Amino acid sequence: AGGTAMGTRFGFYPGRRDSSNACNIFKKNWLNIYPYSEKVKTGTYTFYEAKNPVCPSVYCELVFHDNITDATWFHQNMETIAKNLAQSIAEVLGAGVKPADPKEEEPKPENNDDYVINVKITRQENADFFNK
């Protein structure tokens, strides 16, 4: 659209209730960080990749790269975006977020490649899927 399209699109395969629910979780969480809430939409996508996974599937078109406002916001907020998406994935999988124990001091990573995300799988269907 020549740089005029803007916003975020989350999609799921029609008829996949698990993916529709996951899509709504992603949208709900995204609205906490994306400054143009009126531009956040959900819809359906008929891609093979959206139809056939065993686990819920969400197609995420986060911003339009040819829109300078969207692209600038995206590049200035990449860490916040990554945390938001990781939280959405954890919520979809039914994983709880363990609050930090102030007595336990975690080692500080030297760079972004040293981060480890621990996920506790609490829903049986996800545990079965991941063989845990």
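Biologist: What makes strand S1 (residues 8-12) mostly covered?

Modeller: In this predicted model, four of the five residues of S1 are buried. Buried means under 20% relative accessible area, so those four residues fall below that cut-off.

Biologist: Why are S1 and strand S2 (residues 40-44) said to pair, and in which sense?

Modeller: Pairing requires at least two bridges found by DSSP. S1 and S2 have five bridges, so they count as paired, and the sense is parallel. Within this pairing, Phe10 stands opposite Thr42 of S2.

Biologist: How do you know that helix H1 (residues 17-30) and helix H4 (residues 78-92) meet?

Modeller: Contact means heavy atoms within 4.5 Å. Residues of H1, including Ala22, Phe26 and Trp30, meet residues of H4, among them Ile81, Leu85 and Ile89, so the two helices are in contact. Their axes come within 9 Å and cross at roughly 145°, and H1 passes H4 in a right-handed crossing.

Biologist: Which classes of residue form the contact of H1 with H4?

Modeller: Eight are nonpolar, four are polar and two are charged. Ile25 of H1 and Val92 of H4 take part in the contact, and they are counted as nonpolar because Ile and Val belong to that class. Lys28 of H1 and Glu91 of H4 also take part; they are counted as charged because Lys and Glu belong to that class.

Biologist: What is the order of the elements in the chain?

Modeller: From the N terminus the order is β-α-β-α-β-α-α-α, with five helices and three strands.

Biologist: How much of the chain is buried?

Modeller: Of its 132 residues, 30% are buried, which means that these have under 20% relative accessible area.

Notes
Residues are numbered from 1 along each chain as its sequence is written. This is a predicted model: local features need pLDDT of at least 70, side-chain atom pairs count only at pLDDT 80 or more; totals for chains, interfaces and linings use all residues. Side-chain values use heavy atoms; hydrogens and water are left out. Buried means under 20% relative accessible area, exposed over 50%, partly exposed in between (1.4 Å probe, protein chains only). Axes are lines fitted to C-alpha atoms, for helices over the stretch in contact, and angles run from 0 to 180 degrees between N-to-C directions. A crossing is left-handed if the near helix is turned anticlockwise from the far one by less than a right angle, and right-handed if clockwise.
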